[in-house]
Structure formats: structure tokens, C-alpha cells
Amino acid sequence: MSAFLDLPPARCAQGSARLPGSKSISNRVLLLAALAEGDTHIHDLLHSDDVARMLEALEALGVRWERTGAHDYVVHGTAGAPFPVREAELFLGNAGTAFRPLTAVLALMDGEYRLRGVPRMHERPIGDLVEALRQLGARIDYLENEGYPPLAIHPPAPVSVETVRIRGNVSSQFLSALLMALPLLGRPITVEVVGELISRPYVALTLALMARFGVELVERDGRFHYDGQARYRSPGEVYVEGDASSASYFLAAGVLGGGPVRVEGVGRTSLQGDVRFAEALEALGARVAMGENWIEASAPENGRLRAFDLDLNHIPDAAMTLAVVALFCEGPSRLRHIGSWRVKETDRIAAMATELRKLGATVEEGPDFLVITPPERLQPAAIATYDDHRMAMCFSLAAFGDIYVRILEPECVNKTFPEYWQVYRSVVRPVPVVAIDGPTASGKGTVAARLAERLGWHYLDSGALYRLVALAALRRGLATEDAAMLARLARDLDVRFSGDRILLAGEDVTEAIRTEDVSAAASRIAVHGTVREALLARQRAFRRRPGLVAEGRDMGSVVFPDAELKVFLTASVEVRAERRFKQLIDKGMSASIERLREELEARDRRDRERAIAPLQQCPDALRLDTSHIGVEEAVEAIFDWVRTRGLA
Ligand SMILES: O=C(O)C1=C[C@@H](OP(=O)(O)O)[C@@H](O)[C@H](O)C1
Ligand SMILES: C=C(OP(=O)(O)O)C(=O)O
């Protein structure tokens, strides 16, 4: 389990992503197949934590199933008879789509069951479902807190009501669960929703899948009628659609990163409500196209995303993606009618507000709404994910704001999308970096600056940052051994790069940082890990669209280990001494070539032998020896490498 994942700033997004199976469909189909008569062959089933919990539970209940291919399963239905195992303890993680429907189904069977989940599951309400099931004679006890899991389920007592009432304003999953369990009663019954029903498309999904398994309910005015006759029968074969909520991250990436990005596995004919996320993107000005089984999204024609004010009750999961997209809209955006966020994997309204603020947004948080005002520029942040897969996936999109985004506990995506980070990397291209490392006086400064100019990219002279710290330290009389003080100085340094001038607290120090004194101090300061760490974020901040040429000693090894092109620029010590000699003479200074050579050798040794980030040629770096070639030739050679890699 890695503690965090650093996502580099994103340059663009393009390509296509094959979606994993829908969580909501996978778990419904597994349960319906278990209850049905006959075998059901399920294809494209999602592999994720939530589905694993359902599969384990069915197995524990004595339902037989086998895996027949990578995502293919066969479930042997129990034909409406009670599940073979009459006493079981089930652990259902944080899977709402397993916990709620299994509660309903087991409450109408004839056994003793205990249902538990992760601690957060025990904070997610289930009282409205239990209330409804009790009207049908279910005997359910709360094992800890009234209204919440864990639950103990006992055999039901016979009752003969004709109508059962259920509330649907906390979660639609309660109604879905109850509806799926109705055929177990074997008699006509009407379900009446009391008050508001939220997340409606999920109920439509439930009805559609029940119909595939032979049970059609009649819906009229918020009442659902079961005729008492229909029984679940296997349709033989079921293909699970791609997950429409998972699609939202890639569609948004297409919009924020130019696109087009196509998702495959959902489209016009999808049963899932979250395909309507595409409409929301269109409302923002994005270009969207949809086929039977695919959706494609690109940036707006004029590149500008309109701010929005939308009721998102019908797409509660994909709506989270819009909250992060709001960071890129022109003006404040309002997400309304999202109160259910408070009782999901975490309190998503609070979590979203907290993490968006870390990026610099101004966020107003209400009981069931968010108003998000983007900042002028996003600021890099470490995003907490609260064991919520969607927090991790949504916030990966912040990388389109020209910043590094650190996602804490990135494996939480396993709940519904274990391969998310691989798929993300296949669609989202980072801002490219050419990392040029090499010893002193190898010519890397001039070569890198010219290359950056030629490419129209940003340029980082990382050595200048160390020199700036050195100059500031010398001026304050700080010892070059005082690592802690120097690190603080490095962190708080007021530096501005303006064209080819470098300003320290407003003063132009472009020449002042080039003296031999400052050079020597910079080299001594650079051995401190604390100083290097303090300068890391400052260096990474140079990575902005369209690209960066960075030069120094640890660009390829430490600062930009993922650089698309790494170059080790070097020259013989004789040639470097000569170059330095000429530079000094040109400036009207006196110098000894012998001394310069000795100094260079000493400096090389120090840089090579220091414990932290020593000067080295990365195994994946291309070596360019400039002993016998000029600057222009060196630039040309690297430019060619950039081109052959398709970076420019
Ligand atoms: O029925 C379903 O499959 C789901 C319903 C929604 O929950 P609510 O009805 O609680 O909003 C949704 O958020 C969840 O991810 C899946
Ligand atoms: C709310 C979600 O999950 P659950 O099915 O556990 O309710 C979700 O996946 O966003």
C-alpha cells in the first residue's frame, strides 16, 4: 500500500479508455442471478472490492458460482428458495450495493444472519430500509447503534400487509433493495415511497434489471406494484455495461485536456443514469458525442468552460467529478441537491470543500450544496482521500491546473476501479520535461536555455536556486553547515525569475549569484538533504504547459524522475577548464587555467560523492559529450531527440 501518488501537471488528454464493468449493475446482476431459476452467464463483471464483497457473501450463503474467464462468471440460481446456508456472518466492507440488497433479501428468508462492514459502513444509515422490512414481518436488530449497521437478521414473522411504505430521501438503495426482494414474498404487494425519492435513475436501473430476470413491476405515482406471480428466471447471458460513473473522470479529462477522449462500454443505450454526466459537460460548453456504446468529450471550441448552477440529484456520483471541473470554469459554480453525499463513503460535501480549498478555491458549503469559486491559479496540494475512491479519482483532474497533485492513499480506488491509475496514465499526458544534468562548465546552462527558447518551453536553471540560497546565506552570515537554518531560508526565499533576470527580494542579483564565492558556497549548501527537499517543490513548480527544459545535477534522478527525455551533458575536464578560463578573461578577470582545472576536479568529486542526490548519469539518460562540439550542435542534437520522441 503506497502512502501517496504524485501526479505531474497534465499537458493534455487524448485517446480512449475501455471502462471496467458497472458496480451498480455487477452487484445487482449477481444477486438477481443467485435468486433466479437457472444458470446465468455473466460477462464483463467488474473486479473490485465492492463486487468481491458480494461474491464472497453469496458463496458464504451457499450460492454456487464459478469464474469461467477473465471477467466471466456463471451463477447457479437457487430458484427463489431460501439460500442453502441458514446461518452466516457476512462482512460487506463499504459496499452499499451489497449491504442494502442483501439485508432486504436475507430478512425475507428463513435464517440467522449477521451483516457487518468497515467502520464507515456502520455510520451509513439503514434505518429507512429496516423500517420498511419490519412492515413485512422482518425481524432485524441493530447490534450497535439504532438505525445503523451492523445488523442481526432473524427469521421473519408472518404478516399480511398489502402496502409497504418506505422513505427514499436518504438513499435510493433502500427502495432498490426492497423492490429486488419482493418476489421472495410470493404474493401481491405495493410499495409506496413516502416523501422525496433521490437518485431516481438507480431505481430505474433496478427495475430494468429485474425485468431482464423476468419480473416486471408496474410503477404509478410513486407506487410500485408486484403481482405476486412473476419469478426470477435467468436470461441465460448477461453483459455488464461499462461503469458510467467511472467514465466521468475520462470525459472530464477530455474536456480539461483538449481531448478527444473516448470511453468505451457505455453510450446512448446505457441503463445507467450517470451517462447524463455528458449533458452536464455540454451545459458547460464542452463538445460531446455519443454512440450506442461510446461517449467522447473534448474541450469547448473557444477553450472556455462556463460556470454552472445545476441540480445534480440524478447523478450523485458523477456530480463529484463536476466539483473538480468547477476549478476550471469561469466564475463560481453551484452544485445543488447533493445532500446524499453526506452519508456515502465519507461526508463528501465536507471532504470536497476541504480538499478544494487546499488547491486555493473558495468554497461555500451548505447542507446539500456547494458553491465553488476557482482561484486565479491552483496551488499544489496533498489531497486526502478519506478512503473514498471518488475523492481520489476526481482530484486526479486537478493536475490539469499546471500543478503537481499528491493523492494520499491512492489504492482507495479499489472500491470500484482498481486499474484507475494505469488507465489515467494511458489517457492523460504529463507536461513534458527535458532533464539535462551534467558537471560544472559542461555547457548545460547555455544549451538548456537555448533549447527552451527554440521549443518555446519554460526553463529551469536549478543551480541558480542553490546559488540564491548561498547568496542569501552569505549576506546573513549563516554558516554553510547550518542545515536547518538554510532549509528555512530556502523555503522562504523571495525569488522571481523575470525574463533572463533573477530577483531576490526585488533586487536584481543575476550577476551577483555568479561569483566564485557564491559558487563555492552553493556547492557546500547543496549537500544538505533538508535544503534539497525545501527546493524540490520550487523546482517542480517550473513544470508548466507547454513544457520544461530543466538543467542541474539531479534533474533526471530526483526532481523529474519521470522526465520524458534525460540528457547527461558532459565534457572533458580540460575543455571545461578552458571554457571557464575564457569566460573569466572575457569578463576582465584574471585566472589560472591550472587552478580552474583543479577546482573543477574537486567540485566534480564533491558533487559525485555526496550522499544525497549525487551527480550521476541516470541509466535512462542519453549521454552527450560536448568536448568537441559547439553549443548550436548540442542544441540541435537534443532538439532531434525531443522530436523523435514526439514531445514537440
Ligand atoms: O443503487 C445504486 O447502485 C447506487 C445508488 C446511489 O446511491 P444513493 O441512492 O444512496 O444516492 C449511488 O450513489 C451509489 O454509488 C450506487
Ligand atoms: C456511494 C457509492 O457507493 P455505495 O454503493 O457504497 O453507496 C459510490 O460508489 O460512490
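Me: From which domains does the shell around ligand 1 draw at least three residues each?

Reply: In this predicted model, the shell around ligand 1 takes at least three residues from domain 1 (4–19 + 241–429) and at least three from domain 2 (23–235). The shell comprises 13 residues, and the closest are Ser 24, Ser 171, Ser 172, Ser 199 and Tyr 202. Helix H3 (96–107) and helix H5 (173–181) are the elements that contribute two or more residues to this shell.

Me: Which residues are around ligand 2, and of which classes are they?

Reply: The shell around ligand 2 consists of Asn 94, Ala 95, Gly 96, Thr 97, Asp 317, Lys 344, Glu 345, Arg 390 and Thr 416. By class, 4 of these are charged, 4 polar and 1 nonpolar.

Me: Where does UniProt place the feature "active site"?

Reply: An annotation should be read together with its source. The unreviewed UniProt entry assigns "active site" to Asp 317, a residue that is also in the shell around ligand 2. Asp 317 is located in the loop joining strand S19 (309–311) and helix H9 (318–325).

Me: Is Asp 317 buried or exposed, and which residues does it contact?

Reply: Burial is judged by counting neighbours, with 20 or more other C-beta atoms within 10 Å as the cut-off for a buried residue. Asp 317 has 27 such atoms within 10 Å and is therefore buried. Beyond its neighbours within four places in sequence, Asp 317 is in contact with Ser 245, Asp 274 and Arg 390. Arg 390 is itself listed around ligand 2.

Me: Which residues does the annotation "binding site" cover?

Reply: According to the unreviewed UniProt entry, the "binding site" residues include Lys 23, Ser 24, Arg 28, Asp 317 and Lys 344. Lys 23 belongs to helix H1 (residues 23–35). Lys 23 has 28 other C-beta atoms within 10 Å and is therefore buried. Not counting residues up to four places away in sequence, Lys 23 touches Leu 46, Ser 48, Asp 50, Val 51, Thr 97, Asp 243 and Thr 416.

Me: How is the chain divided into domains, and what separates the centres of domain 1 and domain 4?

Reply: The division gives domain 1 (4–19 + 241–429), domain 2 (23–235), domain 3 (431–457 + 546–648) and domain 4 (461–542). Taken over C-alpha atoms, the centres of domain 1 and domain 4 are 38 Å apart.

Me: What confidence values accompany the model?

Reply: The mean pLDDT of the chain is 96, with 100% of its residues at 70 or more. The model has an ipTM of 0.98 and a pTM of 0.95.

Technical notes:
Residues numbered from 1 in each chain as written. Chains lettered and ligands numbered in written order. Predicted model: local features only at pLDDT ≥ 70, side-chain atom pairs only at ≥ 80, totals over all residues. Near = placed C-beta within 6 Å. Nonpolar A, V, L, I, M, F, W, Y, C, P; charged D, E, K, R; others polar. pLDDT = per-residue confidence, 0-100. Helix = DSSP H or I, 4+ residues; strand = E, 2+ residues; numbered from the N terminus. Domains from an automatic or database assignment. UniProt positions renumbered as here; feature names shortened; annotations may be inferred. Buried ≥ 20, exposed ≤ 12 C-beta atoms within 10 Å, placed from the backbone. Contact = placed C-beta atoms within 7 Å.
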